[in-house]
Amino acid sequence: MSPPTGKTPAVNPPTVTDPAAPATHSGLDPGADSGEARTLADLRRHLLKSKAGMAGVAITGLFALTAIVGPWIPFIADPAQQSLPDRLKPPVGWGGTWAHPLGTDQLGRDLLARLIDGARISLLVGLAAVGLAALIGTLLGLVAGYFGGWADTVISSVADVQMAFPGVLAGLIFVLAFGPSVWIVIAVIAMSGWMVFTRVTRSLVFTLRTSLFVEASEMSGAGSPRIMRRHLLPNLVSSLITLIVLELAAAILSESAFSFLGFGVQPPQSSWGLMIEQGRDYITHAWWVVTFAGMAIAVAVLGVNLLSLWLQSFNDVAEREQIILDRPGM
Amino acid sequence: MLRWLIRRVIAAALVVFVVTSLVFVLTHVFTDPAAVSLPLEASEELREARREQLGLKRPLIEQYGEFAFGLVTGDLGESFWQQRPASEIVRERLPATLKLVGGSVVVTVILAVPLGMLAAWRERKFPDHAVLGFSMAFISAPPFWIGYLLIIVFAVQLDWVPTFGSRGWTSIILPSVAVGLASAGRLAQMIRRAIVEELRQPYAVTAQSRGFSRSYTITHHVFRNVASNFVTFTGWEMTRMFTGYTVVIEVVFSWPGVGLMAFNAIEQKDLILLQAGVVVLAGLVVFTNLAIDVLRRTIDPRVELR
């Protein structure tokens, strides 16, 4: 089982570290058809053997399901329904009633309903931010790795500076300049994450571009965009998916931190981070608001992290096996 | 060595230059410091007057020259909110942030080094899985939430330490733990991985095949060779603390550091003070990275000089 690395792909760029990796794609383009079926069947077998993987898939699935069908779950109160006489009611087991299983917040709104409602915004913001970072980062990484030369120099130095200048700090300036909003949070998270994708893509492409199938394609006259799309990108998919899941966990945490500071999701909407911000003044006598909202963040992020951990270990194993199988023929 | 050091310092200075220039572009091109600092309903004359007062009517390049010259001489501009030099405010706030990061590093190392070594020693056995569970839990939990849980349990229920602020030496414990747990979770896994990988090196395999136990091999042979990695990993956690955790944790504990100052500057719409805070925190990140390289080189002479 390979350990989690949080947001430090510099130590553990998934599947990139092994210099022998490109050797597995000897000669033929392993892109679309032949690889896919084997991978999916393998994926399932590998998942059934991994407890952490099963837990990750289960929690992430539940998280995604809650985000999608949240408003249609029966017997759940309206998350926006305020009721001042019912404010700060304790959860069941601490003197509360089943009318509000997890108690109520400072405006008498049902905590469980608000937690369910918050899942959607957390997942949406996280996916949007990581999607943006992956799009920009992969594109730049492809260009830097494939063309090399000055394009690589420029892109790599910008990535290095971005690494030294965390986007979160620049994000604070954006918040002051444009006012707090969800869009700013998405932009800030994407800005502090794109270079992770650039670095991984660049180093993978760097080794791939000298392989036979790319050279063959070049010689038969394929243009650079076609080579990138048809021959390089399919080889990056598994690494990129692993990286996206890893970054998604970090993005959900960042969103919650920004919303907690009051710079992210704004009041009529609800978010787990914002719930902690709103409940913090009451922690001395109503611990449940902050506790349950934080627990929702922690469990969701844990699920995504376990999923990413398992994906990393799956990729490692698949690659190791492939290298062993290919070696005699080389 | 000396030439390498000079090159590294120049590179670090270059990064600081680029970063501060970016901050200038963000604050002066994308935003209007005068408009931001005034209420929305302020008249156009008032804004003009403020622009005049702040010297924003001059050519951008002249303003940039003044900004850069100010940085070199330690002048970070005048805070609108407190009506005094921003550098003075930063200098008052910096010790608290450094203390918090120091305390957090202590917590991180005390937890992570033994746990990481334990996990590597008992690889794929129960202790390894337990440490992985600990790591995953604390990497996944938001640090500000851990901060509030600590407050609820240790300050409110048990009343052992102050709830917030910087009063007496005990007040640093909770914020340091809140920051340190997440960092320790990550660091323990990085240490485990480094040791496990080093154990596959021929010398470590030989030592074990000659009959030395796995624990002896780790403590007497492997540990020294991965020590420089520990420095790098810890340094990375420090840069993470400077840029993210300090702001959030200082807000949770009302800890009077640069992070809380930046947060307040946003609330007060004080662009100059925020800019000062960002420049100082970014500078600390660059300095930490430089310090990691120098320390690594000192500990392990095999580290390549690039």
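This is a predicted model: local features need pLDDT of at least 70, side-chain atom pairs count only at pLDDT 80 or more; totals for chains, interfaces and linings use all residues.
Residues are numbered from 1 along each chain as its sequence is written, and chains are lettered from A in the order in which they are written. Local features need pLDDT of at least 70, side-chain atom pairs count only at pLDDT 80 or more, totals for chains use all residues, and side-chain values use heavy atoms, with hydrogens and water left out.

Chain B contains 12 helices and zero strands, where helices (H or I, at least four residues) and strands (E, at least two) are DSSP runs numbered from the N terminus. The C-alpha trace of chain B spans about 85 × 55 × 30 Å along its principal axes. Of its 306 residues, 51% are buried, that is, under 20% relative accessible area with a 1.4 Å probe, protein chains only. Among the contacts of chain B (heavy atoms within 4.5 Å) with a separation of 6 or more, 72% come from residues 24 or more positions apart.

In chain A, helix H6 (residues 182-191) is largely enclosed by the rest of the structure, because seven of its 10 residues are buried. These are A:Val182, A:Ile184, A:Val185, A:Ile186, A:Val188, A:Ile189 and A:Ala190. The N-terminal end of H6(A) is capped by A:Ser181, a side-chain oxygen of which lies 3.3 Å from the backbone nitrogen of A:Trp183.

H6(A) packs against helix H3 (residues 111-147) of chain A at an angle of about 40 degrees, with the axes 8 Å apart; axes are lines fitted to C-alpha atoms over the stretch in contact, and angles run from 0 to 180 degrees between N-to-C directions. From H3(A), A:Val125, A:Ala128, A:Ala129, A:Leu132 and A:Ala133 meet A:Val182, A:Val185, A:Ile186, A:Ile189 and A:Ala190 of H6(A). By class, this contact has 10 nonpolar, no polar and no charged residues.

Helix H3 of chain A also holds A:Thr138, which counts as buried at 8% relative accessibility. A polar atom of the A:Thr138 side chain lies 2.5 Å from the backbone oxygen of A:Ala134. Leaving aside residues up to four places away in sequence, A:Thr138 touches A:Ala133, A:Phe197, A:Thr201, A:Leu233 and A:Leu240.

Notes. Buried means under 20% relative accessible area, exposed over 50%, partly exposed in between (1.4 Å probe, protein chains only). A polar contact is a pair of N or O atoms within 3.5 Å; within protein, one must be able to donate a hydrogen and the other to accept it, and residues adjacent in sequence count only if both atoms are side-chain atoms. Ala, Val, Leu, Ile, Met, Phe, Trp, Tyr, Cys and Pro count as nonpolar, Asp, Glu, Lys and Arg as charged, and the others, Gly among them, as polar.
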